[in-house]
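Work through the following exercises with the structure open beside the text. Each task is followed by its solution.

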Amino acid sequence: MSAAEVRGTDAVAIRCRGLVKRYGDVTAVAGLDLTIARGECFGLLGPNGAGKTTTVEILEGLTAADAGDVEVLGARWGRGTDRALRERLGIQLQETQLADKLTVAETVQLFRSFYRDSHSVDEVLDTVQLQEKRGAWVGKLSGGQKQRLAVACALVSRPDLLFLDEPTTGLDPQSRRQLWDVIVRFRTGGGTVLLTTHYMEEAERLCDRVAIVDHGRVIALGSPRELVASLGAAHVVEVATADATALAPLEGALAALPGVRGVRLAAGRASLTVAEVHRAVPALLALLAERGAELSDLATHHATLEDVFVALTGRHLRDA
Amino acid sequence: MRDHPLIQLTLSQLRGFYREPEAVFWVFGFPILLAFALGIAFRSRGAEALQVGVVAGAGDSAVVAMLGGSRHLAVQRLAPDEGQRRLASGRVALLVVPGDPVTLRYDSTRTESRLAVLEVADALQRAAGRRDPVAVQEQRVTERGSRYIDFLIPGLLGMNLMGSGMWGVGFAVVSARTKKLLKRFLATPMRRSHYLFSFMLSRLLFLVIEVATLVGFGWLVFDVGVRGSIATLVLLSVLGSLAFSGIGLLVASRAKTVEAVSGLMNLVMLPMWVLSGTFFSYARFPDAIQPVVRALPLTALNDALRGVMVDGAALGALAGPVAIVAGWGIASFVVGLKVFRWG
């Protein structure tokens with residue numbers, strides 16, 4: 001390890017520059033840069049197919065990049081220090097199915113045996129609240145329990161850096177909150193987390209900083225609060241009319257309403273980013289009444305990362 | 001010690017196997033059922049009387065009386081067309097047409113028909129007063145080791161070592177690969193050699209049970225013994241099991257789906273089930289393909305197992321087949337490791 005790399009370990013957990021990965025004609029990662037600080041919970045947010053998993057697997061040393069430079073905890077992959085580096089990582093992969101015919105405790109014990117310094121099976125099962133399932137076969141667990149077990153296998157190594165690839169995808173809200181608690185507890189102990197997700201609520205709740213990824217590139221970077229603030233307005237008003245064609249001619253008029261910062265029309269609906277809902281909504285209703293357009297739906301919510309993604313790409317995260 | 005990755009990996013292989021009832025049946029139950037069924041079907045019996053028909057007509061009673069003296073023949077009088085039908089369908093081995101000369105009608109490609117010719121001719125000549133110039137004495141014995149079941153048990157053992165070695169490794173590797181479990185293991189500091197070696201260890205533990213059940217079954221039910229030393233038998237079994245685990249590793253080294261590896265396994269094993277002398281001697285195949293047949297790992301293993309179980313051969317005498325089995329194992333293992341796909 002060079003002196004520069006040792007200094008790098010002080011504050012930076014992950015640094016990558018110009019990451020590129022192609023699969024045939026498809027470019028999964030197209031020149032991606034990231035710097036993640038120690039102790040940070042960093043989120044890669046983006047739709048399916050954005051290149052999140054490929055990026056994470058390159059950082060984990062499981063996939064070789066076609067170009068770019070990766071530094072993880074001050075070390076680089078393939079320099080003879082891989083095994084020592086792996087001792088310090090905790091990894092949960094998106095697609096792994098653990099062996100169905102092993103029990104929860106046996107699975108953790110197996111993963112535990114790979115590490116020199118590790119938590120006991122009981123410690124880690126307590127952490128993920130699977131103690132009462134310790135004797136159950138993995139195949140009999142619910143989706144949420146399987147995910148918590150996968151996280152337990154990642155945590156058993158006492159990692160400095162935890163990689164979680166869509167840990168809560170497909171889980172019910174309660175299971176999701178249970179996993180969030182586990183992640184929060186890990187962070188309290190000083191751990192660094194790199195998390196991928198396509199749930200903006202999850203990113204807002206857990207992450208210090210978020211990189212929004214689309215088509216293999218970072219298109220926005222900052223804390224969830226900063227990213228939402230970049231919309232220039234804290235609220236979103238969604239409106240639809242009975243006659244789906246009624247809104248299109250009104251785009252200019254909608255944008256001119258008091259407190260409206262942006263207008264987006266799609267599929268007969270208008271989505272307004274709004275600074276002051278109490279001024280914009282009455283003006284909106286008056287405008288529609290004046291033009292004789294019958295309102296069929298009106299909803300307002302606080303602006304989220306989803307709205308940031310929509311503003312940046314014109315697509316929604318989940319159907320992008 | 002219990003926390004050594006090799007031990008934990010081996011334990012997980014063992015658990016994955018014995019918690020799968022189908023796998024346990026195919027490895028332990030099936031060969032025993034097969035041995036039992038074949039042992040019953042081909043059990044050694046006293047030679048049955050040969051069915052012989054005498055065509056009804058002039059002089060038939062005299063012929064029936066002359067043949068009646070032989071205890072190897074079961075004689076019945078038949079109308080000419082009925083006799084012809086029974087001969088054609090194999091219900092009688094031979095048809096005697098009385099007259100001068102007596103005509104023996106039979107299919108010369110059938111072994112029992114040719115036996116019947118000898119018996120019938122002999123019985124007719126003796127009844128007509130032939131005297132034998134040379135005195136002959138018969139002495140009947142039943143040798144252990146010469147029965148079909150004695151041939152079968154070592155063959156089934158070889159086949160079982162092949163099947164469980166290849167499936168045990170191949171199926172587990174490919175299913176771990178499909179489930180991305182191999183990739184997950186790679187994300188830990190686990191040594192790859194530990195993973196592969198754990199298959200060998202778990203195979204060896206099961207091997208003891210496999211060999212003991214099948215050989216024990218043969219011994220208890222059919223009185224099939226081991227003429228050579230048990231140590232040699234165990235050594236050969238270990239060698240065979242490891243060699244076929246190596247071949248299983250090679251077959252599974254790149255397959256991405258369980259379906260693909262199943263097809264490959266059958267492609268590799270099917271020719272050996274037929275050619276390698278498990279159920280019948282491979283000497284029946286033409287000379288031209290004998291070198292190929294003998295070079296197959298299962299042929300060599302079966303030869304070696306029969307050598308020690310039936311002929312009581314010592315290990316030194318089995319150097320040829322042992323070298324073939326070991327060669328296959330080592331070559332497959334080396335190539336399998338080289339081309340192995342982890343991701």
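**Exercise 1.** In the loop between which two strands of chain B is the place of B:Pro101?

Solution. The model is a predicted one. B:Pro101 lies in the loop that runs between strand S3 (94-97) and strand S4 (103-105) of chain B. Next, look at the peptide bond between B:Asp100 and B:Pro101: it is cis, with omega about 0°. As background, most peptide bonds are trans.

**Exercise 2.** Find the order of the strands in the open sheet of 6 strands in chain A, and identify its edges.

Solution. Step one: the order is S5-S6-S7-S3-S8-S9 (chain A), and the pairing is mixed. Step two: strand S5 (89-92) and strand S9 (217-222) of chain A each have a single partner strand, so they stand at the edges and one side of each has no neighbour in the sheet. Step three: from one strand to the next, the twist averages 15°.

Now take one pair from this sheet. Strand S3 (residues 41-45) and strand S8 (residues 209-214) of chain A pair in the parallel sense, over 4 bridges. A:Phe42 has A:Arg209 in S8(A) as its bridge partner. Helix H12 (residues 305-313) of chain A packs on the sheet, where it touches S3, S8 and S9 of chain A. The direction of H12 makes about 35° with that of S8(A).

**Exercise 3.** Describe how helix H6 (residues 148-178) and helix H8 (residues 192-222) of chain B meet.

Solution. First, the axes come within 10 Å and cross at roughly 155°. Angles over 145 degrees count as roughly antiparallel, and H6(B) and H8(B) therefore fall in that class. The crossing is right-handed. Residues of H6(B) in the contact include B:Ile149, B:Leu156 and B:Gly168, while those of H8(B) include B:Phe199, B:Leu214 and B:Phe222. By class, this contact has 12 nonpolar, 5 polar and 2 charged residues.

**Exercise 4.** How many residues does each chain give to the contact between chain A and chain B, and which element of chain B gives the largest share?

Solution. Chain B gives 21 residues and chain A gives 21 residues. On the side of chain B that touches chain A, the elements with two or more residues are helix H1 (5-18) and helix H7 (181-186) of chain B. The largest share of that side, 6 residues, comes from H1(B). By class, the side of chain B has 7 nonpolar, 6 polar and 8 charged residues.

**Exercise 5.** Where are A:His215 and B:Lys180 placed, and are they buried or partly exposed?

Solution. A:His215 is in the loop between S8 and S9 of chain A, and B:Lys180 is in the loop between H6 and H7 of chain B. Both are partly exposed: A:His215 has 16 C-beta neighbours inside 10 Å, and B:Lys180 has 18. Phi is positive in each although neither is a glycine, at about 50° for A:His215 and near 60° for B:Lys180.

Methods: Residues numbered from 1 in each chain as written. Chains lettered and ligands numbered in written order. Predicted model: local features only at pLDDT ≥ 70, side-chain atom pairs only at ≥ 80, totals over all residues. Pairing = 2+ DSSP bridges. Axes fitted to C-alpha atoms, helices over the stretch in contact; angles between N-to-C directions. Contact = placed C-beta atoms within 7 Å. Parallel < 35°, antiparallel > 145°, perpendicular 65-115°, else oblique. Left-handed = near helix turned anticlockwise from the far one by under 90°. Nonpolar A, V, L, I, M, F, W, Y, C, P; charged D, E, K, R; others polar. Buried ≥ 20, exposed ≤ 12 C-beta atoms within 10 Å, placed from the backbone.
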